[in-house]
Amino acid sequence: MRKDRWWLCVAPLYVFTLLFVLGPALYMVAVSFATNRDSGYGFQWSFTLENFRRMLDPVYLQCFYQSFQLAFTTTAVAVLIGYPFGYFMGRLSPRGRKILLFLIMVPFWTSSLIRLYGWLIILQARGIVNQALMGLGLVKEPLKILYSYPAVLTGMVYALLPFMMLAVYSSVEKMDWSLVEAARDLGASPAKAFFTITFRLTLPGLLSGIILTFVPSMGLFFIADILGGNKIVLVGSLIQDQLTRGSNWPFAAALALVLTVMTSLMIALYRRITHVRDLEGVF
């Protein structure tokens, strides 16, 4: 291809981005300032801030609080489980890494909805968990695990934990372990060598895993609907409700816009932190 026609290679990407990414985002912003019709479906192109003022209602603030609480808790649990797993996975032999990578990727071959319905069977009153607890004599009657906050948290962690594991694993795999050996030779204890070298070198992977866990957990409302039984209402559930039963598209667009801004701030903070770390590494 001639050099003066390089734009033919990138034009499809720009067209796709404008039509299917930027276009819908701008439409969502415009609709968020529109006025909902009092009766029937649709809205009027009449500028208003009422959709954003409505979010200050305690009911909707509580919904945002529950969403952030669940997102932070899910991320914290994923860090506690995923970081050690990713670390030891990166320390395995090449054959061991391939086996664990295969086991992590296998669940992705099945629909997430089917896997969540599997958790319904596991957590129900006559499920595997209650049967095991009763068989061990730890409880006398089945626990009400399903349709509760712990059930939703379990589903969230199960769905997002692989992203944390793989993000940490990618950082551990690229580490220069001679630095750790040098620290140990200079008298550093195993704990000090870990926190001063290993943890600092794997921090970018940990931060990537946090973003890959926290941001999706704000929008995975179907997990709360299936495992929470509508007892845990997230912002995503509220948006779906406004688009279907509520028939209030402007308010749904306003909720989606606020949620997008919040998650974008998280990503900007992550990029800021990693940028500062890169500069420290240079100087």
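Which residue forms a salt bridge with glutamate 50, and how far apart are the closest N and O atoms? The partner is arginine 53, and the closest N and O atoms are 3.8 Å apart. Keep in mind that this is a predicted model.

Let me stay with that pair for a moment. Glutamate 50 has a relative accessible area of 44%, so it counts as partly exposed.

A search of the whole structure turns up two salt bridges. The other one I want to show joins the side chains of glutamate 173 and arginine 97, at 3.7 Å from N to O.

What about burial? Glutamate 173 is partly exposed, at 39% relative accessible area. Arginine 97 comes out at 19%, and the cut-off for buried is under 20%, so arginine 97 is classed as buried.

Helix α3, residues 58–90, packs with α4 at an angle of about 145 degrees, and the axes are 9 Å apart. On the α3 side the residues are Phe85, Met89 and Gly90; on the α4 side they are Arg97, Leu100, Leu101 and Ile104. By type, that contact has five nonpolar residues, one polar and one charged.

To recap, Arg97 meets α3 in that contact, and its side chain pairs with glutamate 173 in a salt bridge.

Note on methods
Residues numbered from 1 in each chain as written. Predicted model: local features only at pLDDT ≥ 70, side-chain atom pairs only at ≥ 80, totals over all residues. Heavy atoms only, no water. Salt bridge = Lys/Arg side-chain N within 4 Å of Asp/Glu carboxyl O. Buried < 20%, exposed > 50% of the residue type's maximum accessible area, 1.4 Å probe, protein only. Axes fitted to C-alpha atoms, helices over the stretch in contact; angles between N-to-C directions. Helix = DSSP H or I, 4+ residues; strand = E, 2+ residues; numbered from the N terminus. Contact = heavy atoms within 4.5 Å. Nonpolar A, V, L, I, M, F, W, Y, C, P; charged D, E, K, R; others polar.
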